[in-house]
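Work through each task with the structure in view before reading its solution.

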Amino acid sequence: MELIFLFILIGLTAYTNAQNSLTVTIQDKETKEVLPGATCLIKGTSRGNAADINGTLTIQKISDGSRIFVFSYIGYKTLEKEIRFSGN
């Protein structure tokens, strides 16, 4: 059985100095069970974070533009998702 991530965007926050944040809750697509310890990295960088006990993580200080986020968890297929940030 192939397991795939489902993530829910909690909020994208833009600051006046063109710095953004991404907050997501990572859960199993079928069971809706949260995945504590799942990770998210900005592709091509070492910037990222791990989900807390509630499956929630935040990455701050993201500059404007398109970024690809790589979500991973042991036993699950890795998911890449492109998100565009704009200070407008």
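**Exercise 1.** Determine in which strand glutamine 27 is placed, and whether glutamine 27 is buried or exposed.

*Solution.* The model is a predicted one. Begin with location: glutamine 27 lies in strand β2. Next, take its relative accessible area, which is 11%. The cut-off for a buried residue is under 20%. Glutamine 27 is therefore classed as buried. Finally, examine its side chain, which reaches the backbone oxygen of lysine 32 at 3.3 Å.

**Exercise 2.** State how many helices and strands the protein chain has, and give their pattern along the sequence.

*Solution.* Count the elements: there are zero helices and seven strands. Reading along the sequence then gives β-β-β-β-β-β-β. For the contacts, consider residues at least 6 apart in sequence: 44% of such contacts join residues at least 24 apart.

**Exercise 3.** Identify which residues touch the most other members of the largest nonpolar core, and which elements give two or more residues to this core.

*Solution.* The largest nonpolar core holds 16 residues, and those touching the most other members are Leu22, Ile26, Leu57, Ile59, Ile62 and Phe69. Two or more core residues come from each of β2 (19-28), β3 (39-42), β5 (56-63), β6 (65-72) and β7 (79-85).

**Exercise 4.** Find what percentage of the protein chain's residues is buried, and describe its accessible surface.

*Solution.* Of the 88 residues, 31% are buried. The accessible surface comes to about 5400 Å², with 52% belonging to carbon and sulfur atoms.

Technical notes. Residues numbered from 1 in each chain as written. Predicted model: local features only at pLDDT ≥ 70, side-chain atom pairs only at ≥ 80, totals over all residues. Heavy atoms only, no water. Helix = DSSP H or I, 4+ residues; strand = E, 2+ residues; numbered from the N terminus. Buried < 20%, exposed > 50% of the residue type's maximum accessible area, 1.4 Å probe, protein only. Contact = heavy atoms within 4.5 Å. Areas by Shrake-Rupley, 256 points an atom, 1.4 Å probe, with all protein chains shown as cover. Core = buried A, V, L, I, M, F, W, Y, C linked by side-chain atoms within 4.5 Å. Polar contact = N/O pair within 3.5 Å; in protein donor to acceptor, adjacent residues only side chain to side chain.
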